[in-house]
Amino acid sequence: MKTLISEFQTKLKEKGYRYSRLRELMMQIIEKSERPINANNILESLVNFNLKPNKTSVYREIETLLNEKIIRQIDLLDGSKRYEINLNSDEKNSFSQAGHSHFVCTDCGDTQCLELATQLNSLETEIEQKFKFTINQRVLEFFGLCKKCF
Ligand SMILES: [Zn+2]
Ligand SMILES: [Zn+2]
């Protein structure tokens, strides 16, 4: 079976990257996570694989994965960042991965992906028609308090 991670590996190899176990595990960790995660969460998970990478290597791999558009970055209001796997918008997903929004808790930083595709698509059409504008990117995040912090 062709997994998402092996597709990413192929892509990276074609681009001339050498195989890195750290990078592979990081992709797996980010893919398996239910929620977008931060660099510390990645570091903590790596310990379970008996890897003790330094922060610099992890940040370097995050840079690579961002540059190659394998992961996407979500910017929180406090300047911290979360990461998630970047699926193509043309993939047959239940909601548009490329343009989906997030709910971010301003207290604990918990970040949830939101399925708003249908509503947002019709809103985009409305904006495009009303303002004679072609939208090719959307950044819309919601900030507030999660159930635990409310
Ligand atoms: Zn919270
Ligand atoms: Zn998301």
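In the predicted model, the contact between the two domains involves seven residues of domain 1 and nine residues of domain 2. On the domain 1 side, four of the touching residues are nonpolar, one is polar and two are charged. Domain 1 spans residues 1-86, and domain 2 covers 89-150, according to the domain assignment of the protein chain. Their C-alpha centres are separated by 22 Å.

Helix α4 comprises residues 55-67, and helix α3 comprises residues 39-47. The axes of α3 and α4 come within 11 Å and cross at roughly 115°. This crossing is right-handed. From α3, the contact draws on A39, I42 and L43. From α4, K55, V58, Y59 and I62 take part. Six of the residues in this contact are nonpolar and one is charged, with no polar residue.

Helix α2, residues 21-32, also packs against α4. Here the axes lie 10 Å apart, at an angle of about 70°. An angle of 65 to 115 degrees counts as roughly perpendicular, so α2 is roughly perpendicular to α4. The crossing of α2 with α4 is right-handed. L22, R23, M26 and M27 of α2 meet S57, E61, T64 and L65 of α4. The residues of this contact comprise four nonpolar, two polar and two charged.

How values were computed: Residues numbered from 1 in each chain as written. Chains lettered and ligands numbered in written order. Predicted model: local features only at pLDDT ≥ 70, side-chain atom pairs only at ≥ 80, totals over all residues. Domains from an automatic or database assignment. Nonpolar A, V, L, I, M, F, W, Y, C, P; charged D, E, K, R; others polar. Axes fitted to C-alpha atoms, helices over the stretch in contact; angles between N-to-C directions. Helix = DSSP H or I, 4+ residues; strand = E, 2+ residues; numbered from the N terminus. Left-handed = near helix turned anticlockwise from the far one by under 90°. Parallel < 35°, antiparallel > 145°, perpendicular 65-115°, else oblique.
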